[in-house]
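Hi there,

Here is the structure I promised to pass on to you. Have a look at it first, and then read my notes below.

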Amino acid sequence: QVCVQEIQEDRCHPKSAQPEDPFTMTEAKPVNPHVAQTCTAGPIGLGAFGMTTILLNFLNADLIGKESITLIICYGMFHGGMIQVMAGMWEVYRGNIFGACAFTSYGGFWMGFALFEILMVITELAPPAKDGKVVWLCVWGVFTSLMFVGTLNANRVVQFVFASLALLFFLLALGVHNTDIHIIAGYVGIICGASAMYLGWAEVMNELAGRELCYVGVVKNKVF
């Protein structure tokens, strides 16, 4: 009789499913019943990050003219900046702390970088000192390396994105004083951006298919 009652209660009040977050491959923790039906913003943020990273690093790799900086900066402020911050806020709503921290941080990076470049054009703001630029890039490299540690329980493609991004920041720091290294950093950035775009697309396809249609390399043995 008790078993029948429990079955009836489960039918009347089904437990809300805890969806697996495609960005971190960890169990999401909804804070309200509406979150279980809310899609992840991972592909949105990854697409914005990936495309703007590729565009900027085509310039760093000296594959396009320096005149393209105006297009890249304006595009980066809104797509790479604003859209990523919005994706991060969406992940806050879903209870995904890693996605929220990553997207809002790199969205803020793009908005700050774009604003600085614009101010140098419309005002008499002096270019940053080389040593200051090195420190700035190294700080972001350290932050990205710390975020990489958080991907060890995620999928392999996420790990590659953050590892290559950390490498990109450190190479750009070295490239401040060496043009050849700066160009190499540009190629690394193109690969990093392309991997982020792939991951965003793979997440969309996998969710539509309801299975791992596109490889992301889910980590089965968690590190922590």
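**Helices side by side**

Let's begin with helix 4 and helix 5, which run roughly antiparallel to each other because their axes cross at an angle over 145 degrees. The crossing angle is roughly 165°, and the two axes come within 11 Å. The crossing itself is left-handed. On the helix 4 side, the contact is made by Phe-98, Cys-101, Ala-102, Ser-105, Tyr-106, Phe-109 and Phe-113. Helix 5 brings Trp-136, Trp-140, Phe-143, Thr-144, Met-147 and Gly-150 to meet them. Sorted by type, the residues of this contact are ten nonpolar, three polar and no charged.

Before you go further, please keep in mind that this is a predicted model.

**A closer look at Ser-105**

Ser-105 sits in helix 4, which covers residues 97-122. What does its side chain reach? The side chain of Ser-105 reaches the backbone oxygen of Cys-101, at 2.6 Å. Once neighbours within four places in sequence are left aside, Ser-105 is in contact with Trp-140 and Phe-143.

**Two further pairs**

Next, find helix 2 (residues 42-60) and helix 3 (residues 69-94), whose axes come within 8 Å and cross at roughly 160°. That angle makes helix 2 roughly antiparallel to helix 3. Their crossing is left-handed. Among the residues that meet here are Gly-42, Gly-45, Ala-48 and Leu-55 in helix 2, and Tyr-75, Gly-76, His-79 and Trp-90 in helix 3. The residues of this contact divide into 13 nonpolar, eight polar and one charged.

Then turn to helix 6 (residues 156-175) and helix 7 (residues 179-209), which pack at an angle of about 160° with their axes 8 Å apart. Helix 6 and helix 7 are therefore roughly antiparallel. Helix 6 passes helix 7 in a left-handed crossing. Here the contact residues are 19 nonpolar, six polar and no charged.

The mean pLDDT of the protein is 87, with 83% of its residues at 70 or more. Which elements have the lowest and the highest mean pLDDT? Helix 1 (residues 2-12) has the lowest, at 43, and helix 6 has the highest, at 98. Over residues 1-19, pLDDT stays under 50, and the model has ten contacts beyond four places in sequence for this stretch. Where pLDDT is low, the predicted coordinates should not be read in detail.

Enjoy exploring it!

Best wishes

Methods:
Residues numbered from 1 in each chain as written. Predicted model: local features only at pLDDT ≥ 70, side-chain atom pairs only at ≥ 80, totals over all residues. Heavy atoms only, no water. Axes fitted to C-alpha atoms, helices over the stretch in contact; angles between N-to-C directions. Helix = DSSP H or I, 4+ residues; strand = E, 2+ residues; numbered from the N terminus. Parallel < 35°, antiparallel > 145°, perpendicular 65-115°, else oblique. Left-handed = near helix turned anticlockwise from the far one by under 90°. Contact = heavy atoms within 4.5 Å. Nonpolar A, V, L, I, M, F, W, Y, C, P; charged D, E, K, R; others polar. pLDDT = per-residue confidence, 0-100. Polar contact = N/O pair within 3.5 Å; in protein donor to acceptor, adjacent residues only side chain to side chain.
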